[in-house]
Amino acid sequence: MATLLYRLGRWSFQRRRAVVAVWLLLLALIGGAAVAFSGPTSGELTMPGTESQRAMTALERDFPQAAGATGTVVVASETERPLTPARLKPVLDDAAAVPGVVSAADPFATGAVSEDARYALVQVQFENEAHEITDAQRAAFTGIGADAPGLRVEHGGEAVVTPLEMGSSEIIGIAIAAVVLVVTFGSLVAAGMTLVNALVGVAVGMSGLFALTSVVDLTDTAPILALMLGLAVGIDYSLFITSRYRQLLVEGLAGPEAAGRAVGTAGSAVVFAGATVVIALTGLSVVGIPFLTAMGLAAAGTVAVAVVVALTLLPAVLGFVGERVLSRGQRTKKDAPAREAFGFRWGRGVTRLRVPVLLAAVLGLGALALPLQDMRLAIPDAGAQAESTPGRQAYDLTSEGFGPGFNGRLIAVVTGDDRRSTEAAARQAQAIIERTDGVLAVTPPQTNATGTAAVLGVIPTTGPTDVKTEDTVRAIRAGVASITLGDVALTGVTALGIDVSAKLADALPVYLLLVVGLSVLLLMLVFRSILVPIKAAAGFLLTVGATFGLTVAVFQQGHFADLIGVDTPGPLVSFLPILLIGLLFGLAMDYEVFLVSRMREDFVHGDTAQQATVNGLGHNARVVTAAALIMITVFGGFVFMDDPIIKSIGFALAVGVFVDAFIVRMTLVPAVMSLLGRSAWWLPKAVDRILPDLDVEGARLHPAPAAEAAPAPREPAGIS
């Protein structure tokens, strides 16, 4: 592996004009395809094999008039004066005039008026689906009732949900990443080159993703997740290889040889680090939920592109910048006295105090994980949005006038062989649901034209994310299961959340076995060790526990929620655990590979196990610190987005990277490696004969030819 990558890095350095030209051409072609073929993304969640999805499919098939997007106009009288049909007429006229609206239900006809007649709900039905609603239609909808005298009018539902957009949050992350790179390298050229190289990879990956949106259904969150990961790993991978290249230049190697060695050694770590991330992301396919599969594959594609860019475009760009990649001090102060890097001092301190360090870190992470036992999962509703958003204001006004259950309305879909059996089953379902605890009201069944399906609206007494509503859903499903004349399926936000959580719970063991098993095998190939991969997996469990604990404490329990703009704490999104486990596992293995591969490299080249541990941390602590800070800032930038799902993912990833990089990998790992000593690299002879030797540490790379060496080294290795 190292030899192959060495040749690739050296070739890219020497053929730099051709390599850069190919990447620019590729970017232009894929970018053009994205402009020509990109389609819309969607916020719709589909769950094949669940009762909720069965109900939604039946609705689309048997009630096509209700297949379009819906909106809710909440009207409240600003005085004690009750609402009347005459007072509501301007609102209904405005609603009927919105382009694409096929109906606007009169609340006095549907009974959607509060007992004191001061609140009313106008249900608006669009012809097109939610992702097809244009900005002009959305603006017209939110303008309904703007001139109605004496009325407060709020707008909610699918019609006000705007597609997620990428913008200022990413720019903030990139700007901070640039500052970290400048501080790390001490060179604007090195920082700018590394950042531009990563941005090219992101541009290629994202362009390819958008080019596929015309033939592949993607949710709104998929491109944002792909961008989030593509930026983070793209900068980190380029940073890691550039740092090794700079070190080799300082040691006296000429440019082509330094590029080959950097790609052969650090590039090998990048390949396997990227492979673990790709395995974790593509493994989401086993869950069987289309939107998670699409999210995982989209992000995996951008990570794979980031790896290829780091291995080919980066050495080519290094060929153009030459020694300007070094800081001014490294270029001029050739005889400067050596100053030992902090990483070496930290490594010696951790290994000397390994037992107390190990105990303190494990106990501390265990304490951070305690809130995890109270974690609740659900599908976020408008009540989780920022208080300034139209959907949240409509949600709050609906709760004020009608009670929280009106925001979590459920739909029971009854299907039968003929009109007689369908209507009989619907009457049975209505009677059973009305007797169920937690149900406020049930609308009479509405049958379709063919008489093969009927729908009933169910209003619970509690809100959509309330645990009591979940109990009500389960009780309804248990009650209607006895109906034999037809099939009854229940859907709605709460029902969908229950089904998603159940499906993910079933898939999680398989996912963990697949991802962790494949990654442990991959790490066994990289490090030729049994204990190192096991230690890596154990450290990951500590990272996940602490990350989930902190996420629950902030987003669910509300501690320090105001600091990150969480107006209303509540349950975490149902798919966050499995998504976060996959992402964090891949990213955690990045730092494991970066640190331990250098330990392995020095051990193979003759250092003692103890010294190799100190050297591995000493050489890479500065780089891993910079890489982690960059990831934290990139992920942290997404915390400032209004969408609660993206906000929670960004927060959890930023916290997870901090915990894993600084506490687990840079503290626990050297402590455990010091305790294990030479046994850390033990591999049974039978297994050793079976496993191929990938030579990640570059043992087969020959010393640089004398003709290519610079006159004298500038500084000893391992200094800063």
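**Exercise 1. Work out how helices H1 and H11 lie against each other.**

Step 1. Helix H1 (residues 2-14) packs against helix H11 (residues 290-321) at an angle of about 45°, and their axes are 7 Å apart. Axes are lines fitted to C-alpha atoms over the stretch in contact, with angles running from 0 to 180 degrees between N-to-C directions.

Step 2. H1 and H11 are therefore oblique to each other. Angles under 35 degrees count as roughly parallel, over 145 as roughly antiparallel, 65 to 115 as roughly perpendicular and the rest as oblique.

Step 3. Now find the contact (heavy atoms within 4.5 Å): H1 brings Leu5, Leu8, Gly9, Ser12 and Phe13, while H11 brings Leu311, Thr312, Pro315, Ala316, Leu318 and Gly319.

A word on the model: it is predicted, so local features need pLDDT of at least 70 and side-chain atom pairs count only at pLDDT 80 or more, while totals for chains, interfaces and linings use all residues. Residues are numbered from 1 along each chain as its sequence is written, and side-chain values use heavy atoms, leaving out hydrogens and water.

**Exercise 2. Describe strand E4 and its partner E1.**

Step 1. In E4 (residues 151-157), five of the seven residues are buried, meaning under 20% relative accessible area with a 1.4 Å probe, protein chains only.

Step 2. E1 (residues 70-77) runs antiparallel to E4, joined by seven bridges.

Step 3. Look for glycine 71: opposite this residue stands glycine 157 in E4.

How values were computed:
Buried < 20%, exposed > 50% of the residue type's maximum accessible area, 1.4 Å probe, protein only. Helix = DSSP H or I, 4+ residues; strand = E, 2+ residues; numbered from the N terminus. Pairing = 2+ DSSP bridges.
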